[in-house]
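Hi,

Here is the structure I promised to pass on. Have a look at it first, and then read my notes below.

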Amino acid sequence: MPHLTPHLYSQSKSAQNKEQAHFRACNLCEAMCGIKITHNGSQILSIKGDAEDPFSRGHICPKAVALQDIHEDPDRIRQPLLKTEDGWKEIGWEEALDRAAEGIRRTQKAHGKDAVATYLGNPNVHNTGNLLMGRHFFNAVRTRNRFSATSVDQLPHHIVAWKLFGHQLKIPVPDIDHTTHMVIIGGNPLASNGSIMTVPDVRNRLKDIQKRGGQFIVIDPRRTETAELADEHHFIKPGTDAFLLMAILNTLFEKHLIDTGRLTAFLDDFDSIKDYVSGWTPERAAAVTGISAQTIHQLAVDFGKADRPVMYGRMGVSVQVFGLLCQFLIMLINIATGRLDEPGGLMFTRPAADILKQTGRGHFGKGLSRVRKLPEFNGEFPVAAMAEEMLVEGDGQVRGLVTVAGNPVLSTPNGTQLEKGLEGLDFMVSIDFYLNETTRHADLILPPVSPLERDHYDIIFHLLAVRNTTRFAGPLFPPPAGAMEDWQIFKALEDRLRPVKGLTEKLARKFSTPRRLLDILLRSGPHGWFRNPLKGLSLKRLARHPHGIDLGELKPSLPKALYTKDKRIHLQPEFFFNDLKRLERFESQLKESDTLLLFGRRHVRSNNSWLHNSHRLIKSKSRCTVMMHPTDAKQRGISEVGQVSVSSRVGNITLPVEITDAVMSGTISIPHGWGHNREGVRLQTAASVAGQSINDLTDDQDIDLLSGNAVLNGIAVRAVAVESQDEAAQEQPSAQALS
Ligand SMILES: Nc1nc2c(c(=O)[nH]1)N[C@H]1C(S)=C(S)[C@@H](COP(=O)(O)OP(=O)(O)OC[C@H]3O[C@@H](n4cnc5c(=O)[nH]c(N)nc54)[C@H](O)[C@@H]3O)O[C@H]1N2
Ligand SMILES: Nc1nc2c(c(=O)[nH]1)N[C@H]1C(S)=C(S)[C@@H](COP(=O)(O)OP(=O)(O)OC[C@H]3O[C@@H](n4cnc5c(=O)[nH]c(N)nc54)[C@H](O)[C@@H]3O)O[C@H]1N2
Ligand code: SF4
Ligand SMILES: [Mo]
């Protein structure tokens, strides 16, 4: 294959001042909407939906224009920054990379290689180069102290996929285009645009279920945008879904609505399930969930009798105290009714670039974290343990950190404590293009190019999409002279920290590029050139289709597509149901307490912590509020226009209240990703609407013990009215005061 010049696949002509169109997929969320960027060679004129994208059909959300705002943002870092006594100083790339490597080397030499930790944030998954070249990063910074946003997110999905199907990424997705009965538990696709379910234009796809005569049901402590559109919505007390799911499964058995169908032939360990769930009745679940026994019974029967049902659960059931048990139960309900690998049920994709064979299948508990002895999954420890690894003194203490595309101060539990950990580090380097709440603690910031200055191919989101499609785009604009992509930074660090001597090794490293790897993946994939030299895909062929190519609906693929050696599904109920003892203890606790429970929310104009610097996205009224039910507000004397001070074991924040019956009484909701008022943050627009961070309330000690995933929903809190800012300041308890 010829050496590829960086812009071979760029669709844009170099002619300046001439209006032209560039097509790519938006990389901001998981929906991968096709976009049409009109520009004149150097300036973006507009960003619109790409009507010719076979998957997104022209749909975009208000965030798409933020791609322009990020690109043009004067606050976006374009040159490496070094922290000096006189503040941040721009330095050249060679010096920056040398200093980064030196800092890592020095820390590892003094305290051992595990003394440098790594944290990888969410945008890594939206960055083709980072996904394909990640091994160069981990080869550069060899350490067992690896952390990422996975354990404040989808970790339970990986564990279920690994246990049952033999590969952590073999995750089935709801076939939303063919279902007639969809139950959405703890997901709000109308705001999030779908997750572990890539589903552009989700509003119309949900409405289509109704148009086909079907229905969809939402289970959520808030009457969300999705719930508003649904046929049914049921409030549930945060963190209690496992009771509901046990009761639904139990009722399916009781009412003889179990039929594992085609799966029976390759399904292990199903026989014991009935015994595990017996006794977990709708009445029992009603006592703790807030959903009536009658409704729970009906939910089960309707699901069992529906034509093509599917059950789907997302953040609300993943990042809570029984995250893994919930995701297992949801999978089990789909399996028990024969809905896995069936049209309209939970289905596997057939991505054109399939990385499953190239990636680790997963392992669990091979190592334990130093302080709390929490198990790793696939080489990563739960991020809830990151701060203590820095703060608790002793052998093996973390003294250095490399972050890539992450903002753990705002996104992981007990962010304030993490900041203390970061302050004490000997060395920290961040690969990021913003000076934010996390990167402000770094000694050095290495900024990669803007998302529009690089190739884009959705390695992960095609894998999780409700339809098989494929789409590639080169950069819209050439990167400025000397600028580096993340993966180039990875390799530059690797060259400095792990130089190779032999010519073959040197060449292998030099020629390892995302484009070459992607080309190989496409050629060797199920739609590839190796199978069909005349028409099969290669990167070059794909690049001729700027709107992407439709590869058809999802098709049944089991048992062949399983990654288990014996091509059978291993339910391993003893592993998951071991957690029922903990569930019983939790049940007693719930009955004794009437604490206010805090849960999160997303808004279509935010994207975790990092899009608030786009004026267009934040200009309407402040969204960082405490949503509270009228009854709860009244009890506490909180008025419509007031401020409310919320405290948990670990901290306290004060925010404006929004009194609404859209949240269940006994619960409050605060969005995450806010709190931009920390000193030294260089996000001018975001700072003007700073808000506060919910993760100054979430507790690093509160985890789903079965998986190690953080608990970000269902946090016990106290809320009081605040009349004045002075009073708010007085309300700040120390962490000890509440513990
Ligand atoms: N606009 C926007 N889109 C995004 C993002 C964003 O920040 N903004 N983030 C992206 C990312 S990284 C992700 S992971 C996805 C997440 O995608 P989703 O999971 O669809 O997003 P959330 O809005 O967090 O939905 C979680 C829902 O669970 C509910 N919930 C909370 N606690 C519980 C509970 O205990 N039980 C039940 N049943 N429900 C509960 C919440 O009220 C909320 O409606 O969104 C992605 N898309
Ligand atoms: N309470 C609560 N907390 C949550 C959640 C919740 O629902 N409730 N959701 C959780 C979830 S699902 C997630 S995924 C996490 C997200 O947690 P994180 O990934 O830690 O945080 P982000 O806000 O996504 O920060 C992304 C960072 O990446 C940078 N960035 C963007 N693109 C690139 C790039 O291409 N290269 C590089 N090098 N940097 C880039 C941005 O500048 C920003 O600093 O938050 C979690 N935290
Ligand atoms: S839904 Fe997601 S992918 Fe689509 S335009 Fe909005 S942010 Fe981009
Ligand atoms: Mo996420």
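A quick definition to start: I say a charge sits over a ring if NZ of Lys or CZ of Arg is within 6 Å of the ring centre and within 35 degrees of the ring normal. Also keep in mind that this is a predicted model.

With that in hand, go to Lys163: its charged end sits over the ring of Phe575, 3.9 Å from the centre of that ring. You'll find another case at Arg523, whose charged end is over the ring of Trp529, with 4.8 Å to the ring centre.

Are the two partners buried or exposed? Phe577 is buried, at 4% relative accessible area, while Tyr276 counts as partly exposed, at 28% relative accessibility.

Now the ligands, starting with ligand 1. It has 33 residues around it, and the closest are Asp220, Asp241, Arg602, Ser606 and Asn608. By type, the shell around ligand 1 splits into 10 nonpolar, 16 polar and 7 charged residues. Helices α5 (189-192) and α12 (315-318) each supply at least two residues of that shell.

- Ser192: an N or O atom in its side chain is 2.7 Å from an oxygen atom of ligand 1.
- Ile219: a backbone N or O atom lies 3.2 Å from a nitrogen atom of ligand 1.
- Asn608: a polar backbone atom is 2.7 Å from an oxygen atom of ligand 1.

As for how covered ligand 1 is, it exposes 910 Å² when taken alone, and the protein buries 98% of that.

Then there is ligand 3. What surrounds it? The residues are Cys26, Leu28, Cys29, Ala31, Met32, Cys33, Ile60, Cys61, Lys63, Ala64 and Asn193. That shell divides into 9 nonpolar residues, 1 polar and 1 charged.

Cheers

Conventions:
Residues numbered from 1 in each chain as written. Chains lettered and ligands numbered in written order. Predicted model: local features only at pLDDT ≥ 70, side-chain atom pairs only at ≥ 80, totals over all residues. Heavy atoms only, no water. Near = heavy atom within 4 Å. Nonpolar A, V, L, I, M, F, W, Y, C, P; charged D, E, K, R; others polar. Buried < 20%, exposed > 50% of the residue type's maximum accessible area, 1.4 Å probe, protein only. Polar contact = N/O pair within 3.5 Å; in protein donor to acceptor, adjacent residues only side chain to side chain. Areas by Shrake-Rupley, 256 points an atom, 1.4 Å probe, with all protein chains shown as cover. Helix = DSSP H or I, 4+ residues; strand = E, 2+ residues; numbered from the N terminus.
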